[in-house]
Amino acid sequence: MPDPTKDFSKDPRMKLSEETGKWSYVGDDGISYEYDENLAAWFPMYNDDLVRSQQSAYAVEGVDETAPTTAQQQKQKRVYTFNEEEKNAKKPKREPTKRPNTSVYVTGVPVDATVQEIKDVFQKCGVIMEDLDSGEPKIKIYQDAEGKPKGDVLVSYFKEESVPLAINLLDEAEFRLGDPTTKISVQQAVFKEKDPSEQQKKRAASGGKKKAQKKLHQLQRKLDWVDEEGGKKAEKFAKIVILKNMYTQQELDEDPTLLLELKEDVRDECEKLGEVTNVILYDKSPGGVISVRFMEQKSADACVLLMNNRYFAGRQISAEIYDGKTKYEKSGTKTNLEGEEDEAEKARLERYAKWLEEGGGSDGEEEEEEEEKKKPSSDSQ
């Protein structure tokens, strides 16, 4: 290579580029070289002929160098760089995960209400959370300065979905059905951010995390059991409304047609709220009980709101969703446990048939009907 210490203009091999202002020459190997004054060194000038010659020299058999690279190849060859500002910049802090709010704040609860009574009311909307230490339901009854209940309660659920359900079903509802003085207000609880307490720190230090995970696992299993084993039944019961004080046994005995009239009247009234699939009159149970089964649960909820404490035939009736536990009995033609036919229903059907045969209670039969009423009824309660 030419000596950079000598004058290039006196060397006939040298050429000065007007565009770049750099000296270049063609070496004995046929490659053009260009002089870099900053580095004081000669470097090959890459052109198409040079690239092709190098590719042919380093070509791999079976590999097409002209073929476009695949996305995977491009991904592997990609180089990620960052400048000093990015390198020294601090990573943004990750925002803490917001814990779901699973609690409702309740006011208007009777001051003599127990934790168990509160649990019985609110567990209709979901599984109640349990305290990690005691295993008791997480229901806090607020007290005044003298230690007496104020009527304010905090109920914590296991699942966040239970909160809106409790608000929709229980807000402005009677805590004790039939007692309008026990109406409660239910709303989502609001909490203030606070640092972990000493008890929480102590629990964390003593393996409280594992204990909490175990408790949550137990509650999840409980929830799964409720959903799988009792889910269908609970859904079915939630569509059934129990109406009480709708009639007296004496009224049924005196009027054979009252049973059918009552069922028809109740069906007509309830169908205003939604499709009714069944109406049953439980004449063998005290309290004048009639059940109404709806196609949809929202219709049953509306029925309770409409019918509870309403007056019917001069009597104040009560309406509630069926609890799935109470057994109600009605007359039927089926045999009893002893294998004998239900005599009460048999006698009732015979009286009804006789009443139809004799003209449906004409004036000439009134005295005879009155005499029949005075006789002891075979199905009297």
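**Before starting**

The structure is a predicted model, in which local features need pLDDT of at least 70 and side-chain atom pairs count only at pLDDT 80 or more, while totals for chains, interfaces and linings use all residues. Residues are numbered from 1 along each chain as its sequence is written, and side-chain values use heavy atoms, with hydrogens and water left out.

**Stop 1: a salt-bridge network**

Select arginine 176 and aspartate 112. Their side chains meet in a salt bridge, with an N to O distance of 3.1 Å; the term denotes a side-chain nitrogen of Lys or Arg within 4 Å of a carboxyl oxygen of Asp or Glu. Side chains of opposite charge can pair when their charged atoms come close.

Arginine 176 is in the loop between helix 5 (162-170) and strand 8 (185-188), and aspartate 112 is in the loop between strand 5 (103-107) and helix 4 (115-122), so the pair ties together parts that are 64 residues apart in sequence. Helices (H or I, at least four residues) and strands (E, at least two) are DSSP runs, numbered from the N terminus.

Arginine 176 is partly exposed, at 25% relative accessibility, whereas aspartate 112 is exposed, at 52%. Here buried means under 20% relative accessible area, exposed means over 50%, and partly exposed lies in between (1.4 Å probe, protein chains only). The structure holds 10 salt bridges.

**Stop 2: lysine 244 and its surroundings**

Select lysine 244 next, together with glutamate 320. These residues form a salt bridge, their closest N and O atoms being 3.7 Å apart. Glutamate 320 belongs to strand 14 (residues 318-321) and lysine 244 to strand 9, so the pair ties together parts that are 76 residues apart in sequence. Lysine 244 is partly exposed, at 28% relative accessibility.

Serine 291 and lysine 244 are 47 residues apart in sequence, and their C-alpha atoms are 8.7 Å apart in space. Serine 291 counts as buried, at 6% relative accessibility.

**Stop 3: two asparagines with positive phi**

Move to asparagine 245, in the loop between strand 9 (240-244) and helix 9 (249-254). Its phi is near 65°, a positive value in a residue other than glycine. Most residues other than glycine have a negative phi. Asparagine 245 is partly exposed, with 31% relative accessibility.

Then select asparagine 309, in the loop between helix 11 (297-307) and strand 12 (311-312). The phi of asparagine 309 is near 70°, again a positive value in a residue other than glycine.

**Stop 4: charges on the surface**

Select Glu261, Glu264, Asp265 and Asp268, which form a negative surface patch. A patch is made of residues with over 30% relative accessible area and no salt bridge; like charges are joined within 9 Å, and nonpolar side chains (Val, Leu, Ile, Met, Phe, Trp, Tyr) within 5 Å. Glutamate 261 is located in helix 10 (residues 258-270) and is partly exposed, with a relative accessible area of 37%.

Continue to lysine 272 and glutamate 269, whose side chains meet in a salt bridge at 3.1 Å, N to O. Lysine 272 is exposed, at 63% relative accessibility.

**Stop 5: cysteines**

How many disulfides does a search of the whole structure find? The search finds zero, a disulfide being a pair of cysteine sulfur atoms within 2.5 Å. Select cysteine 303 and cysteine 270: cysteine 303 is in no disulfide, and its nearest cysteine sulfur, that of cysteine 270, is 4.0 Å away. Cysteine 303 is buried, at 0% relative accessibility. Cysteine 125 is also buried, at 6%.

**Stop 6: two prolines**

Select proline 137, in the loop between helix 4 and strand 6 (139-143). Is proline 137 buried or exposed? At 18% relative accessibility, proline 137 counts as buried. The C-alpha atoms of proline 137 and serine 156, 19 residues apart along the chain, are separated by 8.2 Å.

Finish at proline 2, in the segment before strand 1 (15-16). Proline 2 is buried, with a relative accessible area of 7%. Glycine 27 lies 25 residues from proline 2 in sequence and 9.6 Å from it in space, C-alpha to C-alpha.

Methods
Areas by Shrake-Rupley, 256 points an atom, 1.4 Å probe, with all protein chains shown as cover. Lys, Arg positive; Asp, Glu negative; His and termini not counted. Charge placed at Lys NZ, Arg CZ, Asp CG, Glu CD.
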